[in-house]
Amino acid sequence: LTIEEENNVMTVSSPSPFGGGNLEIQVPTRTNLSLKSTNGGRVLVDGVEGDIEVTNVNGNVMLTNVSGSVVAHATNGRLTASLKDVAPNKMMSFTSMNANVDVTLPPTTKANLKIRTDNGAAYSDFDIQLGPSSPPTVEKGTGGGTRIRTDGSINGTINGGGPEFEIRTLNGNIYLRKAQ
């Protein structure tokens, strides 16, 4: 394990790409995080306020009781995020390649949504005002037919709209929940 500090930025890394156990790090509540894990199991962030970036290649991402802005991706794992407060005017992204994406937002969150699942369904507690979809792409086929493609996204707004929130998975369901 290597730990380095430069200009008030802490870098913690492991030379082994195969993991080597659990790592628990305590940080001040107001902290910006940039976390990356490959083959290391789940990444859990709890009670942090700030700009949070998380990427996990072969494991789950779990964000609980966080505030601020989030850009999170789990390639082969489930992504669960529960925000108690969102940063105004900041774009957010919650994506997974091969699992469900479950996002809980405060009920007053204002956002423009782009939701997409290729092999699953999308569910929401929010009243989403649907917006115009991207126009389909029409191509002439080599055999004389026509091919029509759409990007399959659901575009809409919640609470009048705001910054863009992308919620996407290729193989899984999407759950957009309203915090109680």
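This is a guided tour of one predicted protein model, stop by stop.

Because the model is predicted, local features need pLDDT of at least 70 and side-chain atom pairs count only at pLDDT 80 or more, whereas totals for chains, interfaces and linings use all residues. Residues are numbered from 1 along each chain as its sequence is written, and side-chain values use heavy atoms, with hydrogens and water left out.

**The whole chain**

A cartoon view shows 17 strands and zero helices; both are DSSP runs numbered from the N terminus, a helix being H or I with at least four residues and a strand E with at least two. Of the 180 residues, 31% count as buried. Buried means under 20% relative accessible area, exposed over 50%, and partly exposed in between, with a 1.4 Å probe and protein chains only.

Contact here means heavy atoms within 4.5 Å. Among contacts between residues at least 6 apart in sequence, 42% join residues at least 24 apart.

Switch to a surface view. The accessible surface comes to about 10,900 Å², and 48% of this belongs to carbon and sulfur atoms; the areas come from the Shrake-Rupley method with a 1.4 Å probe, and for residues only the protein chains shown count as cover. Colouring by charge picks out 15 positive and 17 negative side chains, with the centres of the two sets 8 Å apart. Lys and Arg count as positive and Asp and Glu as negative, while His and the chain ends are not counted; each charge is placed at NZ of Lys, CZ of Arg, CG of Asp or CD of Glu.

**The nonpolar core**

Next select I52, L63, V70, L83, F94 and L105, which touch the most other members of the 30-residue largest nonpolar core. Such a core is a set of buried Ala, Val, Leu, Ile, Met, Phe, Trp, Tyr and Cys residues joined through side-chain atoms within 4.5 Å. Strand β6 (residues 61–74) supplies the largest share of this core, six residues.

Centre the view on L105. Not counting residues up to four places away in sequence, L105 touches L83, V86, F126, I158, F165, L176, R177, K178 and A179.

**The aromatic pair**

The structure holds one aromatic pair. Select Y123 and Y175: their ring centres are 5.4 Å apart and their planes stand at 10°, so the pair is stacked. Y123 belongs to strand β11 (residues 122–124) and Y175 to strand β17 (residues 174–178), so the pair ties together parts that are 52 residues apart in sequence. Rings of Phe, Tyr and Trp (its six-membered ring) pair if their centres lie within 6.5 Å; planes under 30 degrees apart count as stacked, over 60 as edge-to-face and the rest as tilted. Y123 is partly exposed at 45% relative accessibility, and Y175 is also partly exposed, at 22%.

Move to S37 in strand β3 (residues 33–37). S37 is buried at 16% relative accessibility and, leaving aside neighbours within four places in sequence, is in contact with V43, T55, N56 and V57.

Select D46 in strand β4 (residues 43–46). Residues up to four places away in sequence set aside, D46 touches T64 and N65.

T80 is found in strand β7 and is partly exposed, with a relative accessible area of 24%. Beyond residues up to four places away in sequence, T80 touches V61, M62, L63 and D102. A C-alpha distance drawn from T80 to G172, 92 residues away along the chain, reads 13 Å.

T117 lies in strand β10 (residues 111–117) and is buried, with a relative accessible area of 17%. Apart from neighbours within four places in sequence, T117 is in contact with A122, T169, L170, G172 and I174. T117 and V138 are 21 residues apart in sequence, and their C-alpha atoms are 22 Å apart in space.

**Two loop asparagines**

Finish at N89, in the loop between β7 (79–86) and β8 (92–96). N89 has a positive phi of about 65° although it is not a glycine, and N89 is exposed at 72% relative accessible area.

Then select N159, in the loop between β15 (154–158) and β16 (164–169). N159, not a glycine, has a positive phi of about 55° and is partly exposed at 35%.
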